[in-house]
Amino acid sequence: MEMEIVTIPCLSDNYAYLLHDGATGATAVIDVPDAAPIEAELERRGWRLTEILITHHHDDHIADVDALRQATGAKVIGAKADAHRLPALDKAVAEDDVVQVGNLEGRVIDVSGHTIGHIAVFFPAANAVFTADSLMALGCGRLFEGSADQMWESLCKLADLPSGTNIYSGHEYTESNARFALSIEPDNRELISRAERVAKARAENEPTVPATLAEELTTNPFLRARLPEVKHLIGRDDATDAEAFAEIRRRKDQF
Ligand code: ZN
Ligand code: FE
């Protein structure tokens with residue numbers, strides 16, 4: 001039986017995801033902004049929740065973890081580094097640890113930057129990485145706790161995944177991210193056509209996630225900070241990759 005991933009819109013612009021292993025019936029949810037739509041989706045599909053994966057400590061990602069744990073008995077997994085500010089963890093993980101969802105194995109990646117202790121989980125067999133507020137569709141999370149150097153290092157780890165990997169990020173911010181991306185690279189044709197597809201999807205209230213890593217590499221200005229042509233466009237030909245990233249992140253904060 002197949003594995004499936006279901007995108008669940010929550011609150012005003014968050015996403016939770018169900019990852020279902022058809023072979024064993026195991027189902028994980030990635031982040032719990034709001035238990036109600038997640039429970040409704042589980043019920044509609046007749047799936048039993050077995051794991052709750054937490055990406056980072058912000059309230060819009062963990063608000064209903066305890067409610068959903070109580071309702072389902074699922075085990076809660078999150079970063080060891082964040083255990084002091086997360087709901088009680090049944091399993092605390094760090095970089096390169098393996099998270100098991102039925103037969104599906106996920107590798108934990110430390111993607112600190114937006115927060116210190118933010119994790120992503122990469123499931124090679126599902127061709128999926130859950131990135132929440134680190135790498136996002138056409139964007140990346142704001143630097144609340146980490147430095148630009150830390151976020152750049154995190155983005156580089158994600159950029160090294162297979163280019164066909166689907167990036168499941170935590171929010172629907174893509175339309176405004178596209179406007180910013182075009183301010184950096186107004187002549188990037190892939191970006192122009194992606195921005196059009198994004199606008200059309202949003203007009204129909206369709207999610208713009210996931211996107212493949214290949215798409216992000218050709219259109220996401222934050223991942224593209226390392227390219228000489230992008231450094232030139234921001235007037236920083238001599239900048240290191242991390243410095244160019246920091247400059248683009250600064251511009252986004254003021255956009
Ligand atoms: Zn956040
Ligand atoms: Fe968030």
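Predicted model: local features only at pLDDT ≥ 70, side-chain atom pairs only at ≥ 80, totals over all residues.
Me: Which residues coordinate the zinc ion (ligand 1)?
Reply: The donor atoms of the zinc ion (ligand 1) lie at 2.2 to 2.3 Å, and along the chain they follow the spacing H-x1-H-x55-H-x18-D. Named with their atoms, the coordinating residues are His 56 (NE2), His 58 (ND1), His 114 (NE2) and Asp 133 (OD).

Me: Which residue coordinates both the zinc ion (ligand 1) and the iron ion (ligand 2)?
Reply: The zinc ion (ligand 1) and the iron ion (ligand 2) are 3.0 Å apart. The residue that coordinates both is buried, with a relative accessible area of 4%, and its name is Asp 133.

Me: How many residues apart in sequence are the parts that His 58 and Asp 133 tie together?
Reply: His 58 is buried, with a relative accessible area of 17%, and lies in the loop between β4 (51-53) and α2 (59-62). Asp 133 lies in the loop between β10 (128-132) and β11 (135-136), so the pair ties together parts whose separation in sequence is 75 residues.

Me: How many disulfides does the structure hold?
Reply: A disulfide requires a pair of cysteine sulfur atoms within 2.5 Å. The sulfur of Cys 156 has its closest cysteine sulfur in Cys 140, at 12 Å, which is too far for a bond. Cys 140 is buried, with a relative accessible area of 7%, whereas Cys 156 is partly exposed at 24%. The number of disulfides in the structure is 0.

Me: What is the volume of the largest cavity?
Reply: With a threshold of 30 Å³ or more, the count comes to 1 cavity. The volume of the largest cavity is about 30 Å³.

Me: Which strands each supply at least two residues of the lining of the largest cavity?
Reply: The residues lining the largest cavity include Tyr 15, Tyr 17, Phe 130, Ala 132, Tyr 168 and Ser 169. By class, the lining has 6 nonpolar, 3 polar and 1 charged residues. The strands that each supply at least two residues are β2 (14-21), β10 and β13 (166-169).

Key. Residues numbered from 1 in each chain as written. Chains lettered and ligands numbered in written order. Heavy atoms only, no water. Donors = N, O, S within 2.8 Å, 3.2 Å for Na, K, Ca; no water. Helix = DSSP H or I, 4+ residues; strand = E, 2+ residues; numbered from the N terminus. Buried < 20%, exposed > 50% of the residue type's maximum accessible area, 1.4 Å probe, protein only. 1 Å grid on protein atoms, 1.4 Å probe; cavity = no way out; pocket = protein on both sides within 12 Å on 5 of 7 lines; lining within 4 Å. Points joined across faces, edges and corners; volume = space filled by probe spheres on them. Nonpolar A, V, L, I, M, F, W, Y, C, P; charged D, E, K, R; others polar.
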